[in-house]
Amino acid sequence: MCDKLKEFSSEDFDNVDTPIIFIRKFDEYGLKIWDGGSSSIVIDFCPWCGEKLPTSKRDQWFEEIEKLGIDPWTEDVPDKYSTDAWYRK
Ligand SMILES: [Zn+2]
């Protein structure tokens, strides 16, 4: 990860100094959309140096949760699915 990406990304959506969000549980970088919600647009490459960023594991995350028979919208997910623990095996 280059210095620029380090400087301008964080896991804190409300940090206005960092336009890039890193969502650890999905291994996903995105551009924050400050419209009052907390959505973001996934980016595949670093905007500054062009480095390939991790491929988002968002779909995989939902697949695994589904396999466990959990509805992530209404039920709590196991702790490891709130972090990167589930894919760092
Ligand atoms: Zn970079």
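1. Let's start with the order of elements. Read from the N terminus, the protein chain goes α-β-β-β-β-α, which makes up its two helices and four strands. Please keep in mind while reading that this is a predicted model.

2. On overall dimensions, the C-alpha trace of the protein chain spans about 40 × 30 × 15 Å along its principal axes. The protein chain has 89 residues, and 10% of them count as buried. As for contacts with a separation of 6 or more, 35% come from residues 24 or more positions apart.

3. A word on helix H2, which covers residues 58-67. Of its ten residues, one is buried, so H2 lies largely in the open. Just after H2, have a look at Gly69, where phi is positive at about 75°.

4. You will find Asp44 in the loop that runs between strand E4 (40-42) and H2. Asp44 counts as exposed because it has 11 C-beta neighbours inside 10 Å, and the cut-off for exposed is 12 or fewer.

5. Which residues does Asp44 touch, leaving aside those up to four places away in sequence? They are Lys52 and Leu53.

Key. Residues numbered from 1 in each chain as written. Predicted model: local features only at pLDDT ≥ 70, side-chain atom pairs only at ≥ 80, totals over all residues. Buried ≥ 20, exposed ≤ 12 C-beta atoms within 10 Å, placed from the backbone. Contact = placed C-beta atoms within 7 Å.
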